[in-house]
Amino acid sequence: MSTTRRDLIRRLRLLLVLATATTLALFFAYRGVHDDTVPLSTASTPGIRAVDTARGALRQANAVVRETGAEGDTSGEFLTQISVAQQSLALAASENVTGLTGRHDVQTVTGLIAVYSGWVERRGREPEGSPLRAAFLHYAEKVLGLEAEAGTEGDIMSRLDALRGEQLAEARRQAAFPWQLWLGWCTVAVLYAALCGALLETQRFLRHRFRRPVQLRLLAATAVCAVGVPVLAWQTLSAHRAMTDSVAGVQVPPAVSDAVPEGAGEVRGALADAGFWASLSDLIPLGGSVVAALALWGLWPRIAEYRFRSQR
């Protein structure tokens, strides 16, 4: 008795199981990396750069106070830098990188900036040569965190440093590639190799059994696998490298505030297409369904043909 029908059914079942398993493994492994690319590029790194901009603006504002006389303590440049700092902190809060704790820290720093500005304004109201001017500047810089005895958790700069550290820790977590992801992608590689091997073996079986050089539907399924999985894997590797480079780019605060926009542009460029590639995860189940459907479409007519023969 011919075993062709049984062989075809066994191969079809194997192809359907491998296609389903490969699709699920690829979907979760791909999402495991790309689900963090968009938050990293649109929230975490901009939040860190916003804090850097605020720090630079506050330092520049204090430099203006020290370099000018009484008439410059609340000059346009000083108020501009204070406004930049406040707007940057509002942006850092809106990114919501570290959740409720981060927003609370930003609110606290915003309040301290108002205290700092108040001391500067009081200094500006004192006449030139008044000993109170030095005292008010001392109090202002103590709140800011630029005094020699500053650096405690209560001043502005220390709080901004702590906030930046929390944001950076979250960015590192997003850019990490833990063992779970390694295991997921190793599983994808094994299942992908098994699926491609099963497709090729099935085509060889059909060629020898039915004397047809090519089974177009199985060839199409093989092409989908041969192209789709490597492209997604390569893009995932590229995305992970870009994420690592982005975190490295914000690892150390820029020495000058002018470097902040340049660094932010580099980060945006590295992950410019993050949203597009992340959205492709929704196509993975579709691709797996196409492979399974092509395998079923290619083998079922032969299986049905042998069923009818066995009934005669």
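**Notebook: surface, helices and cores**

I looked up the accessible surface of the protein and found about 16,100 Å², with 61% of it belonging to carbon and sulfur atoms; the areas come from the Shrake-Rupley method with a 1.4 Å probe, and for residues only the protein chains shown count as cover.

I note that this is a predicted model, where local features need pLDDT of at least 70, side-chain atom pairs count only at pLDDT 80 or more, and totals for chains, interfaces and linings use all residues. Residues are numbered from 1 along each chain as its sequence is written, and side-chain values use heavy atoms, leaving out hydrogens and water.

I then checked the secondary structure: 11 helices and 0 strands. Helices are DSSP runs of H or I with at least four residues, strands are runs of E with at least two, and both are numbered from the N terminus.

Of the 312 residues, 43% count as buried, that is, under 20% relative accessible area with a 1.4 Å probe, protein chains only.

Next I looked up the largest nonpolar core, which has 47 residues. Such a core is a set of buried Ala, Val, Leu, Ile, Met, Phe, Trp, Tyr and Cys residues joined through side-chain atoms within 4.5 Å. Leu15, Leu195 and Leu299 have the most contacts inside this core. Helices giving two or more residues to the core include H1 (4–34) and H11 (284–310), while H7 gives the most, with 12 residues.

I followed Leu195: leaving aside neighbours within four places in sequence, this residue is in contact (heavy atoms within 4.5 Å) with Leu15, Leu18, Ala19, Thr22, Cys225 and Val291.

Key: Buried means under 20% relative accessible area, exposed over 50%, partly exposed in between (1.4 Å probe, protein chains only).
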